[in-house]
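Subject: Structure handover and findings

Hello,

Here is the structure for your files. The findings follow below it.

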Amino acid sequence: MPASPENPAAPSPLREKTRPDFDSGEPALRIVDLFSGCGGLTLGAAQAANHAGLALDIRLAVDFEQAAVDVYKENFPKANAVMAPVEDYFDGELSDEITETEVKTRESAGKTHLLFGGPPCQGHSDLNNRTRRDDPKNKLYLKMARAARVLEPSIVLIENVPAVRLDTAGVVKTTFDYLEQLGYEVATATVGIHALGVAQKRRRHVLLASNVDSVDPKKILADLASRADDAAFNLEWAIGDLRSLANPDGYDSPPKASPANVKRMEYLQASGDFDLPNSLRPKCHQDGNHSYKSMYGRLKWTDPAQTITSGFGSIGQGRYMHPGAVRALTAHEAARIQGFPDYFTFGSVTKRADLATMIGNAVPPALMREVGAAVIPSLGVQQDEVSLKIEESTAQTELALVG
Ligand SMILES: C[S@@+](CC[C@H](N)C(=O)[O-])C[C@H]1O[C@@H](n2cnc3c(N)ncnc32)[C@H](O)[C@@H]1O
């Protein structure tokens, strides 16, 4: 799908302020998003559906953080988005029969084309030590497999950090094998997000499963993983227009930096350097052998950013100094670097920390947009719409006869 300025003079689609009409029309792509956060994966599905001329019908989106669910609802007002633990909807273990709760979940979701989710991944992150790979949260990955059993969707996508493969409980392998037993074709790959049209170097682990004959997950992931980085997707493209805003509000104003970090940024700005010399780092980083080169660093207009985490507002958390100003990134810039266009709103968020967490946690929409573009033509959404209508009218006729 086009994300790139084929014509480099064209303005970045990230500046688009008018939200496409994702909700109306028929037929509709029916999706379920678990651990949905603010909706990065859903936005990608919406963009792919819109591009294919389909509406988006969000049968269920679940996250247990109220602030994230509020943003999700703001952007997808027709969605059945709920604030709850995913376990409240899928309460069985992999080996269990389908529970009463799960029967209800299946009945209310109905026919599902795409099931996707990004279960929490702190425990898998390379930024954490090995012991955290045992984190019980990692088992939430298996809830995606359980949800596939309950909902029987055509396609399943599970997104996570690359280190999820090293999880000591083997959640990826268990899920892979389980989905195969259910009759899905399954593949995994690590995909570079920059090559998908995002101004960010970030790698994500993707498990893709399909029970549609003409969809080959292996081929789709191999295609995504082999795409070449495109230098056009740099910070100038993503945030160049946000250099000087007349009236910056919370979304456009950086958090206040400590006096020590202001001094560090002033040095980088005046010297033109991108890496802070050891002498200006905190004492514990001064021995010359540290592995924190990017910490306290300045970004370059001509490059993509490093991975955006919830720490993007402080240069002590990574290379987050703005390329041309004595400040860290704003939430607006971080959202753009994650691939959220301006029509996606975070207006309901009242706390800076909530905003930073949900933007840092989000999956760049480009991932689901590109996978969506590859699978949607084979899903037979039109035929499904017709059969749903027949089922509905048969049910109504039966009701009338009973009545
Ligand atoms: C990596 S983020 C998901 C990002 C999201 N897919 C997106 O694209 O924006 C993980 C999310 O899981 C949520 N979460 C963690 N444990 C949960 C649970 N047991 N039930 C529901 N949500 C949970 C967190 O609140 C967080 O928003």
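How many helices and strands does the protein have? The protein has twelve helices and seven strands, where helices (H or I, at least four residues) and strands (E, at least two) are DSSP runs numbered from the N terminus.

Some ground rules before the details. This is a predicted model, in which local features need pLDDT of at least 70 and side-chain atom pairs count only at pLDDT 80 or more, while totals for chains, interfaces and linings use all residues. Residues are numbered from 1 along each chain as its sequence is written, and side-chain values use heavy atoms, with hydrogens and water left out.

Overall

Of the 403 residues of the protein, 51% count as buried (buried means under 20% relative accessible area, exposed over 50%, partly exposed in between, with a 1.4 Å probe and protein chains only). The protein exposes about 18,300 Å², and carbon and sulfur atoms supply 51% of that area (accessible areas come from the Shrake-Rupley method with a 1.4 Å probe; for residues, only the protein chains shown count as cover). Among contacts between residues at least 6 apart in sequence, 72% join residues at least 24 apart (contact means heavy atoms within 4.5 Å).

Ligand site

Which residues are closest to the ligand? The ligand is surrounded by 20 residues, and the closest are Gly40, Leu41, Asp63, Val86 and Glu87. The shell divides into eleven nonpolar, six polar and three charged residues (Ala, Val, Leu, Ile, Met, Phe, Trp, Tyr, Cys and Pro count as nonpolar, Asp, Glu, Lys and Arg as charged, and the others, Gly among them, as polar).

- Aspartate 63: an N or O atom of its side chain is 2.6 Å from an oxygen atom of the ligand.
- Glycine 40: a backbone N or O atom lies 3.0 Å from a ligand oxygen atom.
- Glutamate 87: a polar side-chain atom lies 3.0 Å from a nitrogen atom of the ligand.

Taken alone, the ligand exposes 600 Å², of which the protein buries 94%.

Arginine 204 sits in strand S7 (residues 203-210) and counts as buried at 7% relative accessibility. Its side chain is joined to that of glutamate 159 by a polar contact of 2.5 Å (a polar contact is a pair of N or O atoms within 3.5 Å; within protein, one must be able to donate a hydrogen and the other to accept it, and residues adjacent in sequence count only if both atoms are side-chain atoms). Leaving aside neighbours within four places in sequence, the contacts of arginine 204 include Cys121, Asn160, Pro162, Thr190 and Ile193.

Proline 162 lies in the loop between S5 and helix H5 (171-181). With the same exclusion of neighbours within four places, proline 162 is in contact with Thr190, Arg203, Arg204 and His205. The C-alpha atoms of proline 162 and histidine 205 are separated by 4.7 Å, although the two residues are 43 apart along the chain.

Helix H11

Is helix H11 (residues 366-375) largely enclosed or largely open? Eight of its ten residues are buried, so H11 is largely enclosed by the rest of the structure. The buried residues are Ala366, Leu367, Met368, Arg369, Glu370, Val371, Gly372 and Val375. Their cover includes H1, strand S4 (114-117), strand S5 (155-160), S7 and helix H6 (217-225).

Aromatic pairs

The count comes to eight aromatic pairs (rings of Phe, Tyr and Trp, the last by its six-membered ring, pair if their centres lie within 6.5 Å; planes under 30 degrees apart count as stacked, over 60 as edge-to-face and the rest as tilted). One of them, tyrosine 251 with phenylalanine 346, is tilted, at 5.9 Å centre to centre and 35° between the planes. This pair links distant parts of the chain, 95 residues apart: tyrosine 251 is in the loop between helix H7 (235-239) and H8, and phenylalanine 346 in the loop between H9 and helix H10 (352-361). Tyrosine 251 is partly exposed at 22% relative accessible area, whereas phenylalanine 346 is buried at 7%. Both belong to one aromatic cluster, formed by Tyr72, Phe76, Tyr251, Phe340, Phe344 and Phe346.

Backbone angles

Phenylalanine 35, which is not a glycine, has a positive phi of about 55°. Phenylalanine 35 is in the loop between strand S1 (28-34) and helix H1 (40-51) and is buried at 15% relative accessibility. Tyrosine 296 also has a positive phi, near 65°. Tyrosine 296 is found in the loop between helix H8 (259-271) and helix H9 (331-338), and is buried at 9%.

Regards

Methods: A residue is near a molecule or strand if one of its heavy atoms lies within 4 Å of it.
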